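Here is a short walk through a predicted model. Keep the structure in view and follow along.

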Amino acid sequence: MRAWTPHISLEDHRLNSVQQEEFLNVSKLKHQSLQAKFPIRSPSRDLAITIVTANRAQPYIHAVLGSLFDAYGVDLPPVTLCSVESHSYGEIEQLRRERWSVVEINKDYPFNTSVLSLRIAKETGDYWKCLNLTRNSEARYTLLLEDDIFVHERFRGMVESLTYQMDTTSSHVDYAKLYHINRLRHISSMPQIIGVCLLLSSLLHWLLAPRPVLTLIGYLVLLIHLNNQGNLFPADFRYSLTDSVYLTMSESCCTPAVFFRTASIPAIVDALIQEKSFAGHAKDHILDESRFVGRETDFNLVSHIGLISSLRRNQP
């Protein structure tokens, strides 16, 4: 059954150098070809996108934009590039020439990142500053992305289903995380996992009842599989039936892609920008421990290309 179910959830990617170069080159070509045809995007009532960018060795921003073009095409919502460097650099200058909206929040403001705690503090402060750029946005929702991700090919439909839920059954939610490290996920829905277990157990019993040894082996294989991928298979199976994203309780990890209710952003920024961050208490912890209501999707709508932080120097 797993083989017949589409694998919706994106896995964590640690691309080797060859795969990474190929991916970045393809994404850059897609970005450039579409950008030449559609250089200006009109405001969107539903969604605006801000990408937190840093100076990296590879053209990661082009990769993010390329994957967004794959998902949205000519209907891509307006994008703002929020550079966190104290100086301009090649890729951001190129994007500025291509008429992308670029904001440099730390222009001519030197900073010390020689110590891990200072790097984490800067990373956290930069995140709130980039989020603050959107506090007066006309769009009802803001998607804050980091620059080392790429989005799911079905990302547009997933975000539309998420928007519908945030408008209706989850109207009290301030933000939703679109990514969590799969191996660290807990069971997001007990009814979901129980339903899948009952379905598969019944199927095994019906197929293998005359053969008790094979039945036992089948149950053991099912147990091992659900133990290793207890969230992914039910989430994939449910999405293949409903075409809808499911929101679960937010776990304290990971902010490469967060979907914010724009109306909540001023209060979030004003409350959290003064919070001190340090190792073990970075922006994701601060956000999840705040009074604001957060959720996360039960599968990843984005993939973290390298699972690294440019500021933390390859530390996850």
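Begin with the sheet. Eight strands, 8 in number, form an open sheet in the order S3-S2-S1-S4-S8-S6-S9-S7. The pairing is mixed. Strands of a sheet pair through backbone hydrogen bonds, and they do this either parallel or antiparallel.

Now look at the edges. Strand S3 (101-104) stands at one of them, and strand S7 (247-249) also has an edge position. Each has a single partner strand, so one side of S3 and one side of S7 are left without a neighbour in the sheet. From one strand to the next, the twist averages 30°.

Pick out one pair inside this order. Strand S6 (residues 175-177) and strand S9 (residues 294-297) pair in the parallel sense. Their pairing runs over 3 bridges. Here Tyr175 stands opposite Gly294, a residue in S9.

Arg99 has a phi near 75°, a positive value in a residue other than glycine. Is Arg99 buried or exposed? Its relative accessibility is 55%, and the cut-off for exposed is over 50%, so Arg99 counts as exposed.

The other loop lies between helix H8 (232-242) and S7, and Asp243 is found there. Asp243 also is a residue other than glycine with a positive phi, near 55°. At 51% relative accessibility, Asp243 counts as exposed.

Technical notes
Residues are numbered from 1 along each chain as its sequence is written. This is a predicted model: local features need pLDDT of at least 70, side-chain atom pairs count only at pLDDT 80 or more; totals for chains, interfaces and linings use all residues. Side-chain values use heavy atoms; hydrogens and water are left out. Two strands pair if DSSP finds at least two bridges between them. Helices (H or I, at least four residues) and strands (E, at least two) are DSSP runs, numbered from the N terminus. Axes are lines fitted to C-alpha atoms, for helices over the stretch in contact, and angles run from 0 to 180 degrees between N-to-C directions. Buried means under 20% relative accessible area, exposed over 50%, partly exposed in between (1.4 Å probe, protein chains only).
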